[in-house]
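Please find below a note on how the two chains meet. The structure is shown first.

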Protein chains: 2
Amino acid sequence: MLNLRTLRTADADFEAEFKRVLHWSAETDAAIETRVAEILADVRQRGDAAVLAYTARFDGLQAGSMAELELTREELKAAFDGLPEAQSHALTQAAERVRRYHERQKKACGESWSYHDEDGTLLGQKVTPLDRVGIYVPGGKAAYPSSVLMNAIPAQVAGVPEIVMVVPTPRGEKNPLVLAAAYVAGVHRAFTVGGAQAVAALAYGTATVPRVDKITGPGNAYVASAKKHVFGQVGIDMIAGPSEILVLADGTTPPDWVAMDLFSQAEHDELAQSILLCPDADYIAQVRSSIERLLPDMPRRDVIRASLEGRGALIHTRSMDEACEISNRIAPEHLEVSSNEPHRWEPLLRHAGAIFLGAFTSESLGDYCAGPNHVLPTSGTARFSSPLGVYDFQKRSSLIEVSEAGAQVLGPIAATLAYGEGLQAHAQAAEFRLKR
Amino acid sequence: MLNLRTLRTADADFEAEFKRVLHWSAETDAAIETRVAEILADVRQRGDAAVLAYTARFDGLQAGSMAELELTREELKAAFDGLPEAQSHALTQAAERVRRYHERQKKACGESWSYHDEDGTLLGQKVTPLDRVGIYVPGGKAAYPSSVLMNAIPAQVAGVPEIVMVVPTPRGEKNPLVLAAAYVAGVHRAFTVGGAQAVAALAYGTATVPRVDKITGPGNAYVASAKKHVFGQVGIDMIAGPSEILVLADGTTPPDWVAMDLFSQAEHDELAQSILLCPDADYIAQVRSSIERLLPDMPRRDVIRASLEGRGALIHTRSMDEACEISNRIAPEHLEVSSNEPHRWEPLLRHAGAIFLGAFTSESLGDYCAGPNHVLPTSGTARFSSPLGVYDFQKRSSLIEVSEAGAQVLGPIAATLAYGEGLQAHAQAAEFRLKR
């Protein structure tokens, strides 16, 4: 018997129960923070020597020099060449689809633009790629080759000339799919280091590891803390929390499909969250039966059970409209609109990392190969942040070229405001450009 | 006699001198961090009562309730109506130009997009405004009405339904230009609170101050530390360092103009940085004479002198090309290309917050009214970040609608990769969508 809670929005205690389900604390452990600060300072000071020492200590990987920890392009290619045909084909296909989507994204929102105003003044923005970025790829259990594609390809499409990957290889165990993904995605350099020491090496640079301008990619609590610490020195992407799926169902999708979609989030780890929102009590009961029937056969059933019991919920709503409102309050990372009229509900959905429309769009298709990025804002941060994209590997510079005529129009406005703020040099710089 | 250093790139000690000039530590004070953490926790716990207590203590402003600290729309309008005609005109004109530019920006890079692939699968991104944002406006000496426009207008153009401004008013002294700017920029609610307590109120919400999704705007060390602390809970913009200008000159602009442009950065504060890069030693000497002649008449000459002597530099380069390279290493906040052929050099400039092209484009015109935003990345962060813009008040959600035909193509790819990662539920969710 699975102890998966059902909530009803019509119940008096719904608000309290709902808050309990959503509660997740991103508070960082003070002991971790202190340890990370020490590691960062040490790598900043001692460079390669410190990185080597921590790699020996934390990953059980001894090396005489950092050069020994660099993966050559040949080694990456060999990993790809050694894959079974089905895997190398799937990897190449996925990479190709992800690349095509991100090329569209660049075209839609990543190109320079400018115009002239009525005084002949040029205004615009120049969009340029970052010079060098670092991609953190977790090792061990959570070593996902798909994440290599999802981080490296947008950087490559943005035009970043140098993409540096770091991936810990505890006791030297390399994941061939991860190495092959790095080859397919066009990673330029790769080092088998991880943890806060790898983040420090990328942020400050060492004799061997080049300093990057931005670090992206998920990691454990040490990596997250290190990224937050070096933010400002370099750019970072978001700090990832546990993964979540919200399925908004109107009862028209086969219940087994929805059950498996809820599993596919729950199998990540025990803190992952799977929630179903549905106005149809009978359908919720069918999904529950599917869950109970399918669960025993899942290889990762223990993780799935712990996740569903600890953080999952089936929520019976008064209507689909109400379900959409609740979805907006949650601002989920993954949002499946499992409905035969998904475009009726999509306009009501304001906050989500990715929206999967219709019964055929399982989250897993999006996770691997539909094209959009699978690095998405978690823990409600979709209220204010976006999927990883080409835009994360570009930056903008404003362009302004004031014509002589424009300077006569703008000068008096600027000077008036500058005097109002007590900034006389600003005012005079504008006045110097006026015709006497 | 002004003790403003000259560097020559041809000199043997150039690299060392150059590093010394650029050195600026963003390290935060541990005592401030601790104090800020306490204030944040207290406001989170006690809400309005804590905000009132800190406002009384730090700003010398007593109030019986938070409602007393809210500025009404009528009060903002009255401030605008009470301005001298020249000021209200300048404010309105500046706002109008800033709005027009940001509307172009939204059109260029802030609209939803989608397409269908060859299998009929819909892919795209939906762009939506944030629900509610908070704008921090410094009080006292550095109360800049132009910053109100530059923060609020992009949010308004993005379509944010609720813009909440906080501005400390030490001892209750209100700056009428700041209030008027809030009126012109369309701020929805405004509170006369500041410091870490204001950031906390916006991030967590209190009975009176609504919780926002993102906080933007500059502030002192307490505000910067508070913003960094609440990052994740809410979005934040960049953490601002001292303001900087870099002038790249080929010797064709009147030297007085360049001198005044250097002053206009130096007058902000003693840590502000003004640097001239030029391949023409005679011209550098002319600019130095202009500086010495013009400085005594500047009302803020003491601040300008301290800034120029402490952090300024005139750098004699071998060529304009070399000047461009050095500019890229600095990645300045403001970059003036003071040349009669600015478009020759612009393509070589990869990193800068804003690029001002040609002799007529003084930075001050851009600061107030050319149109582009004056909130720009400082301290070299233009290597990876961008001017504040409409995009900071929007977020993106990926859209995916896989057709039945698409699911047949994508399913096997996703399943192969998912099995490779040991995620069987992901694989089966894809396989369930395959025709049997």
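The numbered points below concern the interface and the symmetry.

1. This is a predicted model, in which local features need pLDDT of at least 70, side-chain atom pairs count only at pLDDT 80 or more, and totals for chains, interfaces and linings use all residues. Residues are numbered from 1 along each chain as its sequence is written, chains are lettered from A in the order in which they are written, and side-chain values use heavy atoms, without hydrogens and water.

2. In chain A, 120 residues are in contact with 120 residues of chain B (heavy atoms within 4.5 Å). The two chains bury about 10,600 Å² between them, 60% of it on carbon and sulfur atoms; buried area is the accessible area (1.4 Å probe) lost on putting two parts together, summed over both.

3. The interface holds 12 salt bridges (a side-chain nitrogen of Lys or Arg within 4 Å of a carboxyl oxygen of Asp or Glu). E118(B) and R100(A) meet through their side chains in a salt bridge, at 3.4 Å from N to O. On the side of chain A that touches chain B, helix α5 (residues 85–109) gives the most, with 13 residues; helices are DSSP runs of H or I, at least four residues, numbered from the N terminus.

4. Chain A is superposed on chain B by a rotation of 180° with 0.0 Å of shift along its axis (RMSD 0.0 Å), by least squares on the C-alpha atoms of residues with pLDDT of at least 70 in both. This is the relation of a two-fold axis. The C-alpha of C109(A) is the nearest to the axis in chain A, at 2.1 Å.

5. Because 100% of the interface residues of chain A are also interface residues in chain B, the copies meet through the same surface.

Key
Helices (H or I, at least four residues) and strands (E, at least two) are DSSP runs, numbered from the N terminus.
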